[in-house]
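I have a new model open and want to go through it piece by piece. These are my notes as I go.

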Amino acid sequence: MIRNQLLVCAGGACITSGEKSVKDVLVDELKKHGIEDEVQVIETGCMGACDLGPIVVVYPEGTFYQKVTVKNADLIVSEHLVKGRTVGELLYTEPTSEKKARTSGDIPFYTRQVKRVLRNCGAIDPLSIEEYIARDGYFALGKALEMTPDDIIQVLLDSGLRGRGGAGFPTGLKWKAAREANGSPKYVVCNGDEGDPGAFMDRSVLEGDPHSIIEAMAIAGHAIGAEKGYMYVRAEYPLAMERFEYAIGKAREYGFLGQSILGTGFNFDIEIRIGAGAFVCGEETALLRSIEGKRGTPSIKPPFPAQAGLWNKPTLINNVETYANIPQIITNGAEWFRSVGSTKSPGTKVFALAGNVQNTGLVEVPMGTTLRELIFDIGGGIPGGKKFKAAQTGGPSGGVITGDYLDMPIDFDTVKDIGTIMGSGGLIVLDEDSCMVDVAKFYLGFTVDESCGKCTPCREGTRQMYQMMERICDGKGRDGDIEKLSRLANVIEDTSLCGLGQSAPNPVLSTIRFYEDEYRAHIYEKKCPSHVCKHLLIYSIMPDKCVGCTACARQCPVDAITGEVKKTHMIDQSKCSKCGSCYEVCRFGAIRKE
Amino acid sequence: MELDNVTRPVGQAQPLSDEDRRFLRELVETNRIEHHGRLSYMDIMFDLEHRYGNSLPGPVLGEVARLVGTSPAQLNGFVTFYTMLSTAPRGKHVVRVCTSGPCHVSGAPAILSSLRQLLGVGIGETTPDGEFTLEGSSCLGICGVSPALMIDDDAYGNLTPEDLPRILDTKRAGGAQ
C-alpha cells in the first residue's frame, strides 16, 4: 500500500544542484526505516522554481521542501514520513513577510500561474507513459482520430492559437496550408532548437512532458496527412533527447505511434534529429536544411515549408510550446482555450525569468499579464533593494521594455508596438546597474557570431554595427554614430533574407529609442552612467576615507597604486588598467568608481 | 548533401586501417537503415567523434563522404557549419562554458578566466595532457542556475570559481557529478 509519494524535481537545473544524490539519500533512508514499500519516490520534470532546487514535494499533503541537500534530506523521511512532523527548516520562507510556506499553493511564485503547457511538468514522472495517460494523456489523439482533418483544423483556427516560437503566426492557418498543399509524402516537424539565450521552456517540456509533444505531432500527422514526424532538438540538451527518445519507444509499445494507431489505419512515427550549436537553425527553413544533412542556411520564402519543406515536400513545422497546447485544445475545445489570455493572443505564455530578479525559473501566465505582475508579484522583485530598469525580451532578436510600460498587458502585438518582440519567452530583468549600451552590444555580438553568412547585410552589416558599438563603449564614439547605427540597422532589417538578420539590429534600435541619453553620455561625455563600460571608468582614491592599509596596492596587477603604510594612496591614471580589483578589495569604501 | 550526388575520389586519403573502413561502412549502413534511407548526418558525426577522440579527422570524413555519396567539400562544409563539431583534435573531455546573456551577467566571465588559469589553455585549445578542451557554448537552458557549464553530457550550475577544481578532478578520474 502506497501512503505517500515523494516527488523529486529532476529538471535540468535541479540535477545540477545535486538532485541525484538527494534522491539516493531519500531511497536509502526509506529502506533504513523499513517503509520503502509505503512511500514511492518519483522523479519528475522541471517544477519551475529553479533557484529553489533541489525540490522535494511530499504527497498527499503537498508539502513543498526546497534547497534540500544530502545532509538534510534524511529529515524528510525521519521527521515527516516517520513522525509526521513537517521539517520547518526546509520550507520556503517568503522574503518580505518571512512567513513559511507549507505547500506550493502558499508561494506567490506558483499561485499566480496558470499551468497549461507546463501542467504535467513537475507533476508526473516523464518516463512513465501510464502517468501521462492517467492525466488524460492520449485522449486527444483518440478524439482527433475520430474527427475529420478539416474539423481539427477548424478547432485550431477557432482557438486563435498563435505560434509560440516567437513570430505569433496563427497555427491553424499553418496547418490548413499544409493540409491543402499538393505533394506526398508530407512531414510534421517539431522545432526544438531553442537557441534564444535565457529561454528554456521547450527544454522543460521535452524533459518533463515528452508525451504531450508526441501526441500533438501525431494529431498533426492525421490533420495534414503525414505519416512521418521529425523532432529537431539541440545537442546542448542531452537530457531532453534521452527522455524524448525513451518516450517515443513507450508510445510505440502502447500503440500511439507506429502502424494503424488505435486501430484506425492511421500510421505515424517520429524520429529525432539533432542540432549541433547553430542558432540560425531555429529559423524554420534553416532547420529543415539541417535535418536534410546540409548547412543550416535559411532559404527565401515563399515557397513556405507548407508547400515545399523537407526534401521539397509539404511540411508542417511548429515550436515545442505550440505543440504542447494542441492536445488540450482538442480535448477541451476552442472556447476553453480562449477563456484565458487576450482577444488577439488567447491562451497562456511560458516565460523564463532570469537576470536581476528574486525568483528565477519558468512561469506560465495568461497572455496579457503585465510586466509588473511577472517581475514583482511572481518574480519577487529586484534583489538587493535595487531599482528596476528594463526587461529584455526576445533575446538577440528583441529589445527592451522599460519601467514606463510595467503596466502594459504583454501579448504578441503590444510588445511589437514598442519595438521589441515576444520571442520564445526569455525575459531577462535588468536592474539600475545595467548599461543599456553594453546590453545592446552583448546581444549584437551574439548575432555577429551566429549569422550564417549567406546575406551580406547580416554578415557584414552586423559586424560594422558591432565595431561601432565597441568604439562607443571604449570611449571612442564619434558625433553622428547614433544616426549611422540607425541607418545601417534599417538597411540590415530591409535587406536580410531571414528572421535572424531582419531582427538583428533590434537590441540596438530599441535601446536607442528608450535610452538615447545613455548613448549620448558614452559618445559625447565619454561616460558610462551605469559604471559598466570598463574603458570609461575612472578609479580614484578618496583621501578622507583611505587609511593606508596597502591592500589595494598589493592587489593592483599593474602597480598603478602608490603610497606608504598608513598614508593616503594614489592611483596613477596612466597606468591603471581599470580592472576594478582595488575597488573589490578595499574594505573602507575609499575607492571611487565614476 | 542531396544537393550533389557526384562522388569524387578522395584526394587526401591517408591510409585508414581496414578496421576503420569496416567500422565506417557499418556505421553508415546502420544509420541508413535506422533512418529509413534518410541518413542522419549529425548522428554519424557524433558517432565518429565518439570513436575518434571528440574530433573528425580529414581522412575519416573523406571516406564517409565516399560512402554517403557526396563530395568531401560538401561534407566539410556541413561539419564546419556546426560549432559543436570539430575537425581539429580535441581532448578526452570537452568543457563547454555557457556564454549566453543570463550566464554572462551572473558570473560566466569569472568562470571562464578561472578555467583558463586552471587548465592553462584558451578557448578552443586543449590541455597538453589531452584531457580537456575548453570551449564556449550557446545557451545550455539551465539559466535558473547560472552560471553553468557542461562537460561531455553532464551539466553543472550555480558555479563559483572555487567549485571548478573539484569538478575537473572528478571528470579526470572518470566520474560524473
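**Entry 1: what I am looking at.** I remind myself that this is a predicted model.

**Entry 2: the sheet.** I went for a sheet in chain A and wrote down its strand order. Four strands make an open sheet in the order 9-8-7-10 of chain A, and their pairing is parallel. Which strands stand at the edges? They are strand 9 and strand 10 (315–319) of chain A; each has a single partner strand, so one side of each lacks a neighbour in the sheet.

**Entry 3: the pairings, one by one.** I started at strand 8 of chain A and strand 9 of chain A, which run parallel and are joined by seven bridges. Here I found Met231(A) opposite Ile272(A) of strand 9 of chain A. Next I took strand 7 (residues 187–192) of chain A, which pairs with strand 8 of chain A in the parallel sense over six bridges. In that pairing Val188(A) has Gly229(A) of strand 8 of chain A as its bridge partner. Last, I checked strand 7 against strand 10 of chain A: the two run parallel, with five bridges between them. Val189(A) has its bridge partner, Ile317(A), in strand 10 of chain A.

**Entry 4: strand 8 in detail.** How many residues of strand 8 (residues 228–234) of chain A are buried? Seven of its seven are, so I note the strand as mostly covered. I then sorted them by direction. Lys228(A), Tyr230(A), Tyr232(A) and Arg234(A) point one way, while Gly229(A), Met231(A) and Val233(A) point the other way, and all are buried.

Entry 5: I followed the chain on from strand 8 of chain A: with helix 11 (residues 238–253) and strand 9 of chain A, strand 8 makes a right-handed β-α-β unit. I also looked at helix 10 (residues 210–224) of chain A, which lies across strands 7, 8, 9 and 10 of chain A. Helix 10 runs at about 150 degrees to strand 7 of chain A.

**Entry 6: two single residues.** I picked Ile42(A), which is found in strand 2 (residues 39–44) of chain A. Ile42(A) is partly exposed because it has 18 other C-beta atoms within 10 Å. Leaving out residues up to four places away in sequence, Ile42(A) touches Gln5(A), Leu6(A), Leu7(A), Val8(A) and Asp125(A). Then I went to Lys593(A) in strand 19 (residues 591–593) of chain A. Buried or exposed? Lys593(A) is exposed, because 12 other C-beta atoms lie within 10 Å.

**Entry 7: chain A against chain B.** I ended at the interface, where 36 residues of chain A are in contact with 36 residues of chain B. On the chain A side, helix 1 (12–16), strand 9 (269–275) and strand 11 (348–355) each supply at least two residues. Helix 1 of chain A gives the most, with four residues. By class, I noted 16 nonpolar, 11 polar and nine charged residues on the side of chain A that touches chain B.

Notes. Residues numbered from 1 in each chain as written. Chains lettered and ligands numbered in written order. Predicted model: local features only at pLDDT ≥ 70, side-chain atom pairs only at ≥ 80, totals over all residues. Contact = placed C-beta atoms within 7 Å. Nonpolar A, V, L, I, M, F, W, Y, C, P; charged D, E, K, R; others polar. Buried ≥ 20, exposed ≤ 12 C-beta atoms within 10 Å, placed from the backbone. Pairing = 2+ DSSP bridges. Right-handed = clockwise from strand over helix to strand, strands pointing away. Axes fitted to C-alpha atoms, helices over the stretch in contact; angles between N-to-C directions.
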